[in-house]
Amino acid sequence: TKDIGRNGFHFHTSEMNEIVIRKSKLASSLRTGLENGEFVILYQPQIDLKTEKIIGVEALVRWNHPKLGTISPAEFIPLAEETGSIIPIGEYVLRKACQQSKAWQDAGLPPFRVAINISARQFTQTNLAETVKSALEESGLSPQYLELELTESIIQGSKSSIATMQELKKMGIHLSIDDFGTGYSSLSYLKLFPIDSLKIDQYFTRNIQVDSKDAALVDTIIRMGHNLNLNVIAEGVETAEQLDFLKSRLCDQAQGYYFNKPLPAEEISKIYCQKKSE
Ligand code: C2E
Ligand code: CA
Ligand code: CA
Ligand code: CA
């Protein structure tokens, strides 16, 4: 038993070491990665369920690491949060996505919003309204075509976060709550915050066909959103059955692999230039 114990411990340690080494490698190359243009942005369409037309795209960042290949944001965003690199990375995504969005409009695509994920640190430790204003001016994008996705954890009700939201709102920017219902905040913030949309997390969407409790929760979130005059969008829609359910419950919009995976900007141009002439 001593051996097994030691082996178990040994295996555990080396595995831990690998994780720690990878983490520190990634953490230390975040900034140079940004400088070297290793971050790319993919865009995932958001579809209006009444008209079936594109109403927006969500910007989702990827890291094409020269040695380690493509790294998911689920892995490097938390590291970037820890090290503070999320601030320049987030600003890069914001500026780049605004430019791209304006370029699509100039190329004659139907105008749709671009939604950007904002991290907690970006929201609380920088002058976000200032950065957003400059990104809009620089790109020439009209504020009505910009959406910021905020999570419940960011906004935990401090006075200054409400002030920031109000400032953004006054500029004409669309605000949404991402991963709605997965955080720990109370619902009272829905009353305090000047938001436009709720995003139902894929955690709920995934099982609406198999779990009647998830179905009930999704139904309830949609009704509550509508009662509060909010727009409701479901993410992670993968099947026609999930879509039918969401339509029957009058969900406003949907996003997910059923429609499109996150795509490079050129793919978006191709798809929606063709649609225009249909
Ligand atoms: P999120 O904001 O909840 O984004 C939704 C995630 O679900 C994305 O993962 C997207 O690719 C994935 N997804 C979309 N449709 C489907 C579907 O039908 N089925 C399934 N199973 N998944 C789907 P991704 O791109 O790996 O991003 C992961 C997370 O990383 C995002 O979660 C977001 O929290 C964060 N993230 C991504 N880009 C940025 C960024 O520019 N800034 C910040 N702060 N966070 C970002
Ligand atoms: Ca999001
Ligand atoms: Ca989400
Ligand atoms: Ca998330």
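Predicted model: local features only at pLDDT ≥ 70, side-chain atom pairs only at ≥ 80, totals over all residues.

Before the contacts, the term: a polar contact here is a pair of N or O atoms within 3.5 Å.

A nitrogen atom of ligand 1 is 3.0 Å from an N or O atom in the side chain of glutamine 44. On its own, ligand 1 has 800 Å² of accessible area, and the protein covers 83% of that.

Where does ligand 1 sit? The space it takes is the largest pocket.

Now the shell. Ligand 1 is surrounded by 21 residues, and the closest are Gln44, Arg62, Gln202, Glu238 and Tyr257. By class, that shell has nine nonpolar, six polar and six charged residues. Strand S2 (54-65), helix H2 (73-83), helix H3 (86-106) and strand S6 (174-180) supply at least two shell residues each. S2 gives the largest share, with four.

Last item, serine 119. This residue lies in the loop between strand S4 (113-117) and helix H4 (120-125). Is serine 119 buried or exposed? The cut-off for buried is under 20% relative accessible area; serine 119 has 10%, so it counts as buried. Its side chain makes a polar contact with the side chain of glutamate 81, at 2.8 Å.

That is what I have.

Terms used. Residues numbered from 1 in each chain as written. Chains lettered and ligands numbered in written order. Heavy atoms only, no water. Near = heavy atom within 4 Å. Polar contact = N/O pair within 3.5 Å; in protein donor to acceptor, adjacent residues only side chain to side chain. Areas by Shrake-Rupley, 256 points an atom, 1.4 Å probe, with all protein chains shown as cover. 1 Å grid on protein atoms, 1.4 Å probe; cavity = no way out; pocket = protein on both sides within 12 Å on 5 of 7 lines; lining within 4 Å. Sits in = over half its atoms within 2 Å of the grid points. Nonpolar A, V, L, I, M, F, W, Y, C, P; charged D, E, K, R; others polar. Buried < 20%, exposed > 50% of the residue type's maximum accessible area, 1.4 Å probe, protein only.
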